[in-house]
Amino acid sequence: MHKQDEVLFGTLSYITLLGWVIALLAIRDRRTEFVSFHLRQALGINLTAMLFVWIPVLGWILGVVLFVFWIIGLLNAIQYRAEPIPIFGNFFQRIFEGIR
């Protein structure tokens, strides 16, 4: 897979859950470690945001923090970097290690 394709699918994984599913399914047979890394990061951010949104006030504040983490992950994918997001990134890599 070319670097441009990796950047495309890594970036797409951050654009809503639909983008994540498209990135997951579109390259299931030729997925690289870079794309898998960003699939795990994006899934973790999205699921965590869905949980926090239901907690009044504190959840909204944490939602803003997750939005910043989402931007960091998105920029990492665009810049072809596989760096975990702050605080949760390594945790997401461990719990979603089945996504390869």
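**View 1. The buried residues of helix α2 pack against α1 (3-12) and α3.** Contact here means heavy atoms within 4.5 Å. This is a predicted model, in which local features need pLDDT of at least 70, side-chain atom pairs count only at pLDDT 80 or more, and totals for chains, interfaces and linings use all residues. Residues are numbered from 1 along each chain as its sequence is written, and side-chain values use heavy atoms, leaving out hydrogens and water. Helices are DSSP runs (H or I, at least four residues) numbered from the N terminus. In α2 (residues 16-26), look for Gly19, Trp20 and Ala23, which are buried (under 20% relative accessible area, 1.4 Å probe, protein chains only). They cover an arc of only 105° around the axis, so they sit on the same side of α2; the arc is taken from the directions from the helix axis to the C-beta atoms.

**View 2. Helices α3 (residues 33-52) and α4 (residues 58-78) pack at an angle of about 165°, their axes 9 Å apart.** Axes are lines fitted to C-alpha atoms over the stretch in contact, and angles run from 0 to 180 degrees between N-to-C directions. The pair is therefore roughly antiparallel (over 145 degrees). Among the residues that meet are Phe34, Ile45 and Phe52 of α3, and Trp60, Leu66 and Trp70 of α4.

**View 3. Glu33 has its place in helix α3.** Glu33 is partly exposed, with a relative accessible area of 48% (partly exposed lies between under 20% for buried and over 50% for exposed).

Note on methods: Helix = DSSP H or I, 4+ residues; strand = E, 2+ residues; numbered from the N terminus. Parallel < 35°, antiparallel > 145°, perpendicular 65-115°, else oblique.
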